Amino acid sequence: MMPQTGAVAAPPGVTAALAVRALACRDEPFDAAIVEHAKQALLDLIGCAVRARFESATSAAVERALGALGAGGICTGIGYGPMFAPQYAALVNGCNFHVLDFDDTHERASLHPGAPVAAAALAEAERLHSGGMPLIAAIVAGYDVAVRIGLALNPMAHYARGFHPTATAGVFGATAAAALLHGDDAETLASAFGINLSQAAGSLQFAVDGAATKPVQVGFAAHDAVLAREFAASGIRGPAAALEGRSGLLHAYTDDADAAELLDRWDGVHEIGRTAFKPYPCCRYMHAAIDALAAIVREHRLDPARVERIRVALPAAGLRLCAYPEEQKRAPRSIVDAQFSMYYTAAAALAWGSVRWDDFARRADPRLAVLIERVTVEEDPAVEALVPAMAALVEVDAGGVHERRLARAPRGEPDTPLEWPELIEKFDALSAIAYEPSRRRRIVEFVRRLDALDDIRILTAELGP
């Protein structure tokens with residue numbers, strides 16, 4: 001039987017128990033694979049932030065706003081240098097980690113844990129002169145909290161209510177990361193969770209008209225985490241039972257919560273190890289289709305001019321984000337529109353054999369308009385049966401070529417990971433706009449031996465303008 005709307009089967013004290021669980025990461029001897037994944041996540045995000053700092057209009061507007069507010073300080077904005085107060089460094093980096101839509105994703109929770117968590121953690125680690133290993137522990141703990149809350153909200157129900165879980169769940173993960181670095185106890189973290197219940201926000205309304213709030217609200221999540229943790233440590237008591245309470249997150253933000261996902265059903269595997277890196281800078285729901293289309297182009301050396309028909313099937317949640325309303329998705333007016341258009345990315349994959357960040361500046365290319373008219377995007381039972389996997393079905397007719405492929409998961413997931421060489425190549429491609437090769441090599445070196453750094457400022461000193 002389906003649970004009643006708003007019903008939450010949550011034992012008292014689950015917020016406090018999650019705080020205890022998160023802070024236990026402080027002293028945990030992590031598996032080598034988890035440490036490596038945390039390093040990879042940080043390098044991946046740094047590359048995204050560098051390119052965003054120089055090419056995103058949203059990032060430029062955020063910089064102007066913070067300058068007008070007098071947001072000076074000692075913490076590094078990536079690509080800017082040590083010029084921000086901790087909360088504003090978290091904001092600008094959180095926004096820039098996410099603005100290209102190229103940051104990591106967690107399939108089951110349907111969110112991007114790295115942007116809010118790593119942004120808050122990096123700012124606080126630099127502020128505290130923390131070593132690399134405490135930063136890794138904070139990132140791991142933050143991913144765990146963000147993902148488990150995202151799962152408890154029930155991603156599909158949460159999305160259906162119009163929420164963006166990277167921001168709403170992400171603020172709690174970022175808060176856990178900050179608290180761990182400061183050496184806070186579980187009572188302080190639980191109180192900070194309560195404070196952030198009043199700040200957890202993130203609306204999907206941006207998808208209607210391509211508004212700039214999607215990355216900004218992720219930056220807000222990192223910023224709010226720093227503030228909430230500081231307020232709690234200074235004696236401001238947040239409401240108890242922030243997650244399970246009568247007006248808590250699991251009642252107010254979803255119609256089908258499952259509080260058992262917070263801890264009871266967790267197998268103890270750190271969620272950063274289940275997080276995927278993105279090969280394409282667009283909505284993750286489209287990646288499996290892009291993989292399949294790019295493979296067809298490559299294998300058949302396909303001439304896009306000969307393409308007669310392209311059919312793409314996505315999960316229902318992906319259709320809501322990337323296919324509807326059809327008229328708008330066929331004619332994206334902005335980069336954000338294009339990043340959430342299966343029509344545009346399918347055409348780009350067929351035209352150029354992949355989807356790269358620079359491809360979104362080519363929206364006026366006449367070849368795309370022709371190909372977009374030949375794309376249909378719809379449901380298919382074979383795809384829906386694989387949910388929560390972000391699967392896709394593609395069919396292509398081009399002259400004598402007819403291909404039909406079911407892609408069960410996009411590349412970059414833990415079972416088909418992007419390895420260090422691919423991630424370094426991605427970092428180089430994104431950061432070459434600002435950093436010369438020797439500097440890029442130093443950044444990669446410092447990240448790869450992050451666990452051996454005594455002071456994270458050895459790394460952040462390389463991340464300036």
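Which residues in α4 meet which residues in α12? From α4, the residues Pro86, Gln87, Tyr88, Ala90, Leu91, Gly94, Cys95 and His98 take part, and they meet Lys214, Pro215, Val216, Val218, Gly219, Phe220, Ala222, His223, Val226 and Leu227 in α12, where contact means heavy atoms within 4.5 Å. By class, this contact has 12 nonpolar, five polar and one charged residues; Ala, Val, Leu, Ile, Met, Phe, Trp, Tyr, Cys and Pro count as nonpolar, Asp, Glu, Lys and Arg as charged, and the others, Gly among them, as polar.

The structure is a predicted model, in which local features need pLDDT of at least 70 and side-chain atom pairs count only at pLDDT 80 or more, while totals for chains, interfaces and linings use all residues. Residues are numbered from 1 along each chain as its sequence is written, and side-chain values use heavy atoms, with hydrogens and water left out.

Turning to the geometry of this helix pair, the axes of α4 (residues 86–98) and α12 (residues 213–233) come within 7 Å and cross at roughly 150°. Helix α4 is therefore roughly antiparallel to α12, a term for angles over 145 degrees. Axes here are lines fitted to C-alpha atoms, for helices over the stretch in contact, and angles run from 0 to 180 degrees between N-to-C directions. Helices (H or I, at least four residues) and strands (E, at least two) are DSSP runs, numbered from the N terminus.

UniProt, in an unreviewed entry, places the feature "domain: MmgE/PrpD N-terminal" at residues 28–259; such annotations may be inferred rather than shown by experiment. This span is 65% helix and 4% strand, and its end C-alpha atoms lie 25 Å apart.

Helix α21 (residues 420–431) holds Lys426. This lysine, Lys426, is buried at a relative accessible area of 10% (buried means under 20%, exposed over 50%, partly exposed in between, with a 1.4 Å probe and protein chains only). Leaving aside residues up to four places away in sequence, Lys426 touches Asp44, Phe102 and Lys278.

Some backbone details also deserve a look. The peptide bond from Tyr324 to Pro325 is cis, with omega near -10°, and Pro325 sits in the loop between α15 (316–322) and α16 (326–330). Val387 and Pro388 are likewise joined by a cis peptide bond, with omega about 15°; Pro388 lies in the loop between α20 (381–384) and β7 (392–398). His129, in the loop between α5 (114–128) and α6 (132–152), has a positive phi near 60° without being a glycine, and is partly exposed at 40% relative accessibility.

Conventions:
Parallel < 35°, antiparallel > 145°, perpendicular 65-115°, else oblique.
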